[in-house]
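Please keep the sequence and the 3D view at hand while reading.

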Amino acid sequence: MASFGKKSESSASSSFSSFSSYSRLTMSGCPSGDGEVQIHVRGIPFAVDRNLLASKSSRVAALLKENPFQDLSYLLRDFPADPETFEHVVRFCHGFELKLSTDNIVPLCCLAHYLGMTESHSIDNLLKKALALFTERVLPSWNESVKALRSSENIRKQAMHLGLVDACLESIIGKALADPHLLGHSIRPRTSGVDIEDDENYKPNTRRRLFVNLDWESEESLSTLPLHLYTPIIDAMVKNNVPPHYVAASLSEYVKKWGFFRGDAGVGENSMSMSMSIYKRNAQREVIETVEGILPRERGLVPCSLLFDMLRFAVLLEASSDCRNGLEIRIGAQLDQATVEDLLIPSQGYAKESQYDIECVRRILKNFYGNNTCLDIPGIIKVTELMEEFLVAVASDIDLNITTFVSLAEMTAAASQGTRRNSDGMYRAVDIYLDKHKHLTEVEREEVCQVIDYQRMSQGAFEHAARNERLPLRVVVQVLFVGQLQLRDTITRKDEEEEQEEEEGEEEGRAELGYSEGGVKMEMQKMGSKVMELERECHVIRKEIEKGKSTGEKPKKGGVSMWKAMKRKFGCMGSTHNSNCQVNKRMAHRR
């Protein structure tokens, strides 16, 4: 008697056309018979046989029992029924086949319960059939549970009283806990070159595959639910320690859908806010505040650009200070991932002092410095470059006063002190600011230029500053002086390097000389030993000569004299004055 299928626009139109054809047979402006009664549902009259209706509805039976002539025209004035749902009730009472869908099963259960169409009044009644289909077809499916929960919005009170909302929530929560992919695609950045979807720690196991369909692209998104039904699901995910990147992905999708304006192209945010209804503003503000309160605190789970969008609309919609402060803290924790376009937050109100909200950027920058350590040098360098680019972007704002510009520039310069970056970016921002604010006095120009660290400027920046007519004369003199000091330091450093190279060469020469002196000493020792040997030989010859004189003997002819033998022994080829003598050579070398 009842069939269940997915509801579509074509089925809805055919259902309503059947309702029209049926109503032509039963509605005629007044009851066509004594047993019929007219019941109005949202201005549409239905002619229903009171006896058939009383046989299925305990509520109608009780009213007719008290007064058989009871006027039932406004039977449903205390119930938010719609014509299509009541048509199913009428068809059921007249024995027609029911075509139920996910979109009408929850309203039909609530209307059947309100009319008392229970088993205690009539066997095989409508409430039993509707609840059976709800339990068997809706709850086991993720898609059908989300659709049924969405359809309960118009009859929220009755659906909650009947337990249908809790049943859908439990079904959705259970399936999401079994497979967090159903919450949405993870937007967590890749780590170590591995995408999170390829991480086996997050793949559904065999048990999960029994519960869910792994075709995630076709799954119903939780972002279609109203906030009061969406929030309990996310709270349950957080309570049960579901990986935070899945929770962040779902919240990001939800705030994109319900928290931001979707106006016509070319329409400014201010004009949209003026034309927006108070109800819509309050609804969007509530979405942003709720999402900010639930969003996981881990760094990098949500893109920095999305956090800036939330902050812009939080300011525009006048969200609570806790919400705005929370977003500024989140942005400050990952400011190194932001872009200059993210920082360009328009100022709000009629009394705005500048085109962009500089004070908000200052608070975000303070949060970044408060959350970062001195060890995160790459992050500090990125933020310093980002802030210098931001200063260049806002320097052309004619309404930007000196105090605000100098304060922000000093915070930026202070962060770069521990790095080796030059100050060319800061000089460029100051140059643009002076060019766009030509009305400044000489003293004010000097105050603006104080944020530049001249000792860290590149050679190109020095050359530009020396010819820059926008700079005060005192600043130009200071730039030239610093340039001369750097030139002197460069020359001194080169001289020191050359002296160091010369000293190293002298040390090497002394080492080589020490080695040669050692060799000479050894040669002298050898020479000394030969001299001693020569003295002994001379002593022997002297004795022989004296002996020969005393005996009167003459040396034999043809024989070799003793003196010649000695010279030959010492390597002398001629007389004692001959330069070829090795002894003479060594002595000359010694001199």
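Strand β2, residues 36-41, pairs with strand β3, residues 44-49, in the antiparallel sense, and the pairing runs over six bridges. The model is predicted. Within this pairing, His 40 lies opposite Pro 45 of β3.

The two strands form a hairpin with two residues between them. Arg 42, in the turn, has a positive phi of about 55°.

## The chain as a whole

The chain holds 26 helices and four strands. Of its 591 residues, 42% are buried. Its accessible surface comes to about 33800 Å², and carbon and sulfur atoms account for 52% of that surface.

Contacts were also sorted by separation in sequence. Among those between residues at least 6 apart, 72% join residues at least 24 apart.

## The nonpolar core and Phe 134

The largest nonpolar core has 142 residues. Phe 86, Phe 134 and Leu 335 are the residues with the most contacts inside this core.

With neighbours within four places in sequence left aside, Phe 134 is in contact with Ile 105, Val 106, Leu 139, Ala 148, Leu 164, Ala 167 and Cys 168.

Trp 142 belongs to helix α7, residues 142-151. Its relative accessible area is 4%, under the 20% cut-off, so Trp 142 counts as buried. Glu 219 is 77 residues away from Trp 142 along the chain, yet the C-alpha atoms of the two are separated by 7.5 Å.

Ser 171 is placed in helix α9, which covers residues 164-178. Ser 171 is likewise buried, because its relative accessibility is 10%. Neighbours within four places aside, Ser 171 is in contact with Leu 139 and Ser 145.

## Helices α11 and α14

Helix α11 (residues 227-239) packs with helix α14 (residues 278-294) at an angle of about 5°, and their axes are 11 Å apart. Angles under 35 degrees count as roughly parallel, so α11 and α14 are roughly parallel to each other.

On the α11 side, the residues that meet α14 are Leu 227, Thr 231, Ile 234, Asp 235 and Val 238. On the α14 side they are Glu 286, Val 287, Thr 290 and Ile 294.

Technical notes
Residues are numbered from 1 along each chain as its sequence is written. This is a predicted model: local features need pLDDT of at least 70, side-chain atom pairs count only at pLDDT 80 or more; totals for chains, interfaces and linings use all residues. Side-chain values use heavy atoms; hydrogens and water are left out. Two strands pair if DSSP finds at least two bridges between them. Buried means under 20% relative accessible area, exposed over 50%, partly exposed in between (1.4 Å probe, protein chains only). Contact means heavy atoms within 4.5 Å. A nonpolar core is a set of buried Ala, Val, Leu, Ile, Met, Phe, Trp, Tyr and Cys residues joined through side-chain atoms within 4.5 Å. Accessible areas come from the Shrake-Rupley method with a 1.4 Å probe; for residues, only the protein chains shown count as cover. Axes are lines fitted to C-alpha atoms, for helices over the stretch in contact, and angles run from 0 to 180 degrees between N-to-C directions. Angles under 35 degrees count as roughly parallel, over 145 as roughly antiparallel, 65 to 115 as roughly perpendicular and the rest as oblique.
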